[in-house]
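Please open the model in your viewer and keep the selection panel at hand. The stops below can be followed in order.

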Amino acid sequence: MFIVNPAAGKKNPAETVMPMIRAYMDKKQIPYVCHITKRAGHATELARQEIEKGGDLRIYAVGGDGTFRETVAAAAGNPQVEVGVFPCGSGDDYIRNFASKEAFLKVEKQLSGKSRPVDLMETDYGLTVNVGCLGLDAKVAYHMAKYKRIPFLPGSMAYNLALLQSLFGRLGNSLQVTVDGERYLEGKFVFALSANGGWYGGGYYAAPEALVDDGFMEIVLVRVPKLWKIPKMVSLYKKGLHMEAPEFRGLLEYCRAKEIQVKSAREAYATFDGECVRTKHMHCEILPGALRFIIPSE
């Protein structure tokens, strides 16, 4: 089954990627169905309808992180269902944990790929595959949506422009953080991040120690720095060098956990795989091996 989001990325995947898939499937005489999404949440509905028919099923989300997340919502916890993704969005960060975007766009490699169990995160706003965040980075994701619509602007550049805009506002939130049921810390933080995968934001390597199948989340918190330090810190953070960098000493808090609760004194932005909300609370809990994810044979 292929679920195609025509609004994903800069070009309609139904016109760019799906013709290649159809040609391969028809040549190999492999039976399949293809559905085009028409609204938010439609991918979940379409996947559930096919899953309810019973039997083994492979579902490929042909779209961005949102299409993939919606498809996963229907398939999670079902050992008969495997989920893959043809990445056509502006971020496509989750796949960086396995292979290049080019590998995931090779039809033959995708169709001959094997699936393996990977973890998911359960949140107050549904299942999340990759990252949950409250604070500055969530505010960036909120503003990033408008920049992604600019033609020929890469996802990483859209993130950088949204970051610049977000820095011209109130920086930091007063947070109380509870990890695995015990009070961890509190104070004023730029953001609190719960990561299942290593990358987000179009290539920011936030959690270089993350593994998608180890039954843990990586928790990354950054206290509010001096404003003049931010450009250097952002550069280090994007490359995944923040864990040992002197610039982050005394500001970075890191641990591994199975559950995290974050409470903000004031309403803040939160994002879950790019889906943004305004809230005073973020809760994430790991679900070990909850999804069978298809990895290209390459």
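**Before selecting anything**

This is a predicted model, in which local features need pLDDT of at least 70 and side-chain atom pairs count only at pLDDT 80 or more, while totals for chains, interfaces and linings use all residues. Residues are numbered from 1 along each chain as its sequence is written, and side-chain values use heavy atoms, with hydrogens and water left out.

**Stop 1: the largest pocket**

Select Asp65, Gly66, Ser90, Lys148 and Gly274, which are the closest to the centre of the largest pocket among the 49 residues that line it. The volume of this pocket is about 1200 Å³. On a 1 Å grid over the protein atoms alone, a pocket is an open set of points with protein on both sides within 12 Å along at least five of seven lines, a cavity is a set where a 1.4 Å probe fits but cannot get out, and lining residues have an atom within 4 Å of a point. Grid points are joined across faces, edges and corners, and a volume is the space filled by probe spheres set on the points.

Next, colour α4 (65–75), α7 (136–147), α8 (155–167) and β15 (275–295), each of which supplies at least two residues of the pocket lining. Helices (H or I, at least four residues) and strands (E, at least two) are DSSP runs numbered from the N terminus. By class, the pocket lining holds 19 nonpolar, 17 polar and 13 charged residues, where Ala, Val, Leu, Ile, Met, Phe, Trp, Tyr, Cys and Pro count as nonpolar, Asp, Glu, Lys and Arg as charged, and the others, Gly among them, as polar.

**Stop 2: the cavities**

The structure holds two cavities of 30 Å³ or more. The largest cavity has about 200 Å³ of space, and to find it, select Leu136, Val190, Phe191, Ile230 and Val234, the closest to its centre of the 16 residues that line it. Its lining draws at least two residues from each of α7, α8, β9 (182–195) and α9 (230–239), with the largest share, four residues, coming from α9. In this lining 15 residues are nonpolar, none is polar and one is charged.

For the second largest cavity, with a volume of about 60 Å³, select Gly64, Asp65, Phe68, Val85, Pro87, Asp92, Asp93, Tyr94 and Ile95, which line it. Both α4 and β4 (81–87) supply at least two residues of this lining, which divides into five nonpolar, one polar and three charged residues.

**Stop 3: along α4**

Stay with α4 and show its buried residues, Thr67, Phe68, Arg69, Thr71, Val72, Ala74 and Ala75; buried means under 20% relative accessible area, exposed over 50%, and partly exposed in between (1.4 Å probe, protein chains only). Just after α4, Gly77 takes a positive phi of about 85°. Phe68 also belongs to one aromatic cluster with Tyr94, Phe98, Phe104 and Phe293.

**Stop 4: Tyr142 and Tyr269**

Rings of Phe, Tyr and Trp (its six-membered ring) pair if their centres lie within 6.5 Å, and planes under 30 degrees apart count as stacked, over 60 as edge-to-face and the rest as tilted. By this rule there are 16 aromatic pairs. Select Tyr142 and Tyr269, whose ring centres are 4.9 Å apart with planes at 40°, so the pair is tilted. Tyr142 lies in helix α7 and Tyr269 in strand β14 (residues 259–272), so the pair ties together parts that are 127 residues apart in sequence. Tyr142 is partly exposed, at 45% relative accessible area, whereas Tyr269 is buried, at 16%.

A charge sits over a ring if NZ of Lys or CZ of Arg is within 6 Å of the ring centre and within 35 degrees of the ring normal. Elsewhere, the charged end of Lys258 sits over the ring of Phe216, 4.3 Å from its centre.

**Stop 5**

Select His283 in strand β15, a buried residue with a relative accessible area of 12%. Its side chain is joined to that of Glu259 by a polar contact of 2.8 Å; such a contact is a pair of N or O atoms within 3.5 Å, where within protein one must be able to donate a hydrogen and the other to accept it, and residues adjacent in sequence count only if both atoms are side-chain atoms.

Finish at Thr271 in strand β14, which is buried at 6% relative accessible area. A polar atom of the Thr271 side chain lies 3.3 Å from the backbone nitrogen of Gly274, and the side chain of Thr271 also reaches the backbone oxygen of Glu275 at 3.5 Å.
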